[in-house]
Amino acid sequence: MMHPQGQQPNWQQYEFNEAQNAVISKLANRMLLAGVTQIVFGVIDILGSCKIQASEGASSNGTSLFALVLILCGAFTISAAQSFSKIVKTQGWDISHLMLALQSYSRALLVQFIFYVITAVLVTLIILFLLLMLLVFASLFASMTK
Amino acid sequence: MQQGPEMLDPKGHEYEFGPQDNQVFHVLAARMRRVGVVQIILSILQVGGYTAGFILVQKGAGALQLAIEIPIALAFLAGGVLLLNAAAPFRSIVDSWGNDVGHLMKAFDRLSTLMTVMIGGFALASVLYIVMFVVKLVTK
């Protein structure tokens with residue numbers, strides 16, 4: 001059988017026992033469902049935002065970007081769930097499947113973290129801009145009242 | 001059942017992950033901790049922001065919006081705490097020696113709890129968002 005990544009395994013293999021497979025199987029099922037609900041919520045958010053924007057004529061408010069991040073994370077979570085599921089269903093490549101599953105989940109977390117950092121930077125810039133505008137208006141008002 | 005080359009360790013409980021595996025666990029645990037901490041901070045700010053906005057700016061109006069956003073923010077907070085909780089055993093795999101599979105199973109168990117909260121949170125958020133969108137469209 002081919003290695004899951006189509007190459008010779010770098011990892012020493014180990015076979016999980018039945019009790020451990022039960023834990024992994026439970027995790028795989030829940031991860032799959034979590035990924036699906038994440039994607040469903042992202043799609044609802046995008047569709048709802050588009051519908052409201054169309055009826056109100058308002059501009060995009062950034063929730064769609066969050067929804068896209070959720071959909072991407074959901075896809076990585078489902079990919080991780082499939083690799084976890086393969087640990088239970090196959091024999092001989094448990095550690096390789098485990099590492100692929102953990103790397104997929106790790107990517108989902110990385111996407112989430114990058115989104116949080118970008119959001120934090122944007123919010124900080126907006127707050128700084130508003131404070132700057134406030135200072136400009138305050139100095140203008142002070143010079144006018146003199 | 002698919003069959004593959006057998007390199008099985010008969011003493012499962014004594015299996016020790018190698019340096020390459022440990023690197024994967026190390027990166028995963030670090031990302032889980034970072035995302036968990038940011039999620040906790042953001043959800044606390046969200047709850048505070050929504051509540052302050054409801055009381056000070058909207059003067060009690062927009063209760064529906066608040067009723068929708070607060071449970072979602074609380075689920076987000078719970079997710080952050082559970083992420084931190086699940087990161088600890090992954091970190092233990094790297095830091096300790098002799099019980100890697102035990103730590104892995106503990107991590108998976110905690111990750112399962114996190115996934116259950118995520119399923120509940122996103123299902124609840126989906127229902128609440130549909131209600132919010134319908135109410136917004138009907139009241140326009």
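This is a predicted model: local features need pLDDT of at least 70, side-chain atom pairs count only at pLDDT 80 or more; totals for chains, interfaces and linings use all residues.

Author: **The interface of chain A and chain B**

Residues are numbered from 1 along each chain as its sequence is written, chains are lettered from A and ligands numbered from 1 in the order in which they are written, and side-chain values use heavy atoms, with hydrogens and water left out.

From the N terminus on, the order in chain A is α-α-α. Of its 146 residues, 39% count as buried (under 20% relative accessible area; exposed is over 50% and partly exposed in between, with a 1.4 Å probe and protein chains only). Among the contacts in chain A with a separation of 6 or more, 75% are between residues 24 or more positions apart; a contact here means heavy atoms within 4.5 Å.

Chain B also comes to three helices and zero strands, and its elements run α-α-α from the N terminus. It has 140 residues, of which 41% count as buried. For chain B, residues 24 or more positions apart make up 72% of the contacts with a separation of 6 or more.

Now the contact itself. It takes 51 residues from chain A and 50 residues from chain B. The size of an interface is often given as the accessible area lost when the parts come together. For chain A and chain B the buried area is about 4,600 Å², and carbon and sulfur atoms give 74% of it (the accessible area, with a 1.4 Å probe, that two parts lose on being put together, summed over both). Tyr14(A), Phe41(A) and Tyr116(A) supply 13% of the area that chain A buries against chain B, more than any other three residues.

Polar links across the interface come next. The rule finds four residue pairs in polar contact there, both residues being at pLDDT 80 or more (a pair of N or O atoms within 3.5 Å; within protein, one must be able to donate a hydrogen and the other to accept it, and residues adjacent in sequence count only if both atoms are side-chain atoms). On the side of chain A that touches chain B, the elements giving two or more residues are helix 1 (18–56), helix 2 (63–89) and helix 3 of chain A. Helix 1 of chain A gives the largest share of that side, 21 residues. By class, the side of chain A that touches chain B has 27 nonpolar, 16 polar and eight charged residues (Ala, Val, Leu, Ile, Met, Phe, Trp, Tyr, Cys and Pro count as nonpolar, Asp, Glu, Lys and Arg as charged, and the others, Gly among them, as polar).

One salt bridge is found across the interface (a side-chain nitrogen of Lys or Arg within 4 Å of a carboxyl oxygen of Asp or Glu). Side chains of opposite charge can pair when their charged atoms come close. Here Asp109(B) pairs with Lys26(A), the closest N and O atoms being 3.5 Å apart. Because Asp109(B) lies in helix 3 of chain B and Lys26(A) in helix 1 of chain A, the pair joins two chains. Asp109(B) is partly exposed, with a relative accessible area of 40%, and Lys26(A) is partly exposed at 33%.

A search of the whole structure finds two salt bridges over all chains. Arg91(B) and Asp95(B) also meet in a salt bridge, at 3.1 Å from N to O. Both lie in helix 2 of chain B, four residues apart, about one turn of the helix. Arg91(B) is partly exposed, with a relative accessible area of 24%, whereas Asp95(B) is exposed at 53%.

The largest nonpolar core has 60 residues, of which Phe84(A), Leu98(A), Tyr105(A) and Phe90(B) touch the most other members (a set of buried Ala, Val, Leu, Ile, Met, Phe, Trp, Tyr and Cys residues joined through side-chain atoms within 4.5 Å). Helix 1, helix 2 and helix 3 of chain A and helix 1 (19–57), helix 2 (63–95) and helix 3 (100–139) of chain B each supply at least two residues of this core. Helix 3 of chain B gives the most to this core, 16 residues. Leaving aside neighbours within four places in sequence, Phe90(B) is in contact with residues including Leu102(A), Phe25(B), Met32(B) and Phe108(B).
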